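Dear colleague,

Please find the structure below, handed over for your review. My notes on the findings follow it.

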Amino acid sequence: MKCRWSKENLSAYIDGELNIITGWIIKRHAKFCPECQKELNELQKISKLSKLLLIKEPEFDFYEQVREKLQQVKIAQQEKPEIAAERKSIERMWTFLPQSGKAALLVGVAALLFFLVIYPQIFPAPSLSIEQFEEEYLRSRETLPWVESPALSATLMSAERG
Amino acid sequence: MANSDESLIRRFKNGDEESFKELVKRYQARIYSIVFAMMGDKNDADDICQEIFVKLYRSLYQFRGKSKFFTWLYRLTVNTCINAQNGRKRKLQTISLSHPVGESEQSLVEFIEQDGENCSIDILKNKELGMKINSAIDCLSDDLKEVFILREIEDLSYRELAKILQCSEGTIKSRLFRARDRLKEKLLPYINNS
Ligand SMILES: [Zn+2]
């Protein structure tokens, strides 16, 4: 029974997380039990080697890279203050609307969706301008080049990695 | 005397950008090591590490000092890594459905799972041992991996780990025990001869 208990506590023992008495019992047991002593040595070795392997240094200009990324985020945010203001005012309107007003608004939206499904010809679909889409896409890529690259290249990159 | 984290944060909140630089320099190696170990890839580690410090910059104003700063920063780090890993797993699933993985693309993870018995110990060099350990760590489930990495890199106490990972100290103890048990199982043929 002692060996099993001892082995279960060896991990906490090497971390120095056992109370003095339990730590002392483990230490004494391992001294006279070759099997537990061997296991203790193995655990210590794994811990030591892992530590050596896990500790890494980032590139020397890491801070400059972070600053650059911060600038990109700032520019991207400055471009859309009117959208944020608009969203805030809508949120405020919604908060101050009485319960009945909220209900009426929801019923209205539901009715609109209903008619949209039944009589789609009443509401002509806006035509999708590919040029406009591309223009907007390129602009967003210029301001935030590290954001989501196109799905295809992401797939290829992960395929290479895998 | 070196500035404490708290005084740097106070200065940053008062508009001193230099103190943010000092915080980055102070923590960059530790955060980078954790992220590298969690992600297992240099490019991912570079990107995610930058993302973490950008998030830090933008949320530092909200830091109220209720917990220790490093607890808060490590929690941010672990969460960002887990989110990135989930995203990557989804991506890999999509790929494996459309492109079956060929034999030449066998991962280190599969390698260490297969070669346990056949590999002759004398041909192992230190570099290879390093690879084995890295892939054995990589094989751990996320909950075991994060606690093992944080413990080994940072030497954090069980109490601090419990705060960062938001679980009990008992859970930390049992996860570390299980993580080391799995590693020992995989690495035993190599470590006794290194
Ligand atoms: Zn024993």
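Across the interface of chain A and chain B there are seven salt bridges, a salt bridge being a side-chain nitrogen of Lys or Arg within 4 Å of a carboxyl oxygen of Asp or Glu. One salt bridge joins A:Glu39 to B:Lys184, with the closest N and O atoms 3.4 Å apart. Over all chains, the count by this rule is 20 salt bridges. The pair A:Glu39 and B:Lys184 crosses between chains, from helix 3 of chain A to helix 9 (residues 169–191) of chain B; helices are DSSP runs of H or I, at least four residues, numbered from the N terminus.

This is a predicted model, in which local features need pLDDT of at least 70 and side-chain atom pairs count only at pLDDT 80 or more, whereas totals for chains, interfaces and linings use all residues. Residues are numbered from 1 along each chain as its sequence is written, chains are lettered from A and ligands numbered from 1 in the order written, and side-chain values use heavy atoms, with hydrogens and water left out.

The contact (heavy atoms within 4.5 Å) takes 42 residues from chain A and 50 residues from chain B. The buried area between the two chains is about 4300 Å², with 62% given by carbon and sulfur atoms; this is the accessible area (1.4 Å probe) that two parts lose on being put together, summed over both.

Turning to the metal site, the zinc ion is coordinated by A:Cys3 (SG), A:His29 (NE2), A:Cys33 (SG) and A:Cys36 (SG), at 2.1 to 2.3 Å. Donors are N, O and S atoms within 2.8 Å of the metal (3.2 Å for Na, K and Ca); water is not among the atoms, so sites may look incomplete. The arrangement is tetrahedral because the four donor atoms subtend angles of 98 to 120 degrees around the zinc ion, the criterion for four donors being that all angles lie between 85 and 135 degrees. In sequence, the spacing of the donor residues is C-x25-H-x3-C-x2-C. A:Cys3 in helix 1 and A:His29 in helix 2 (residues 20–32) of chain A link distant parts of the chain, 26 residues apart.

With kind regards

Notes:
Four donors count as tetrahedral if all angles lie between 85 and 135 degrees; four count as square planar and six as octahedral if opposite donors are over 155 degrees apart and all others between 65 and 115; anything else is irregular. Helices (H or I, at least four residues) and strands (E, at least two) are DSSP runs, numbered from the N terminus.
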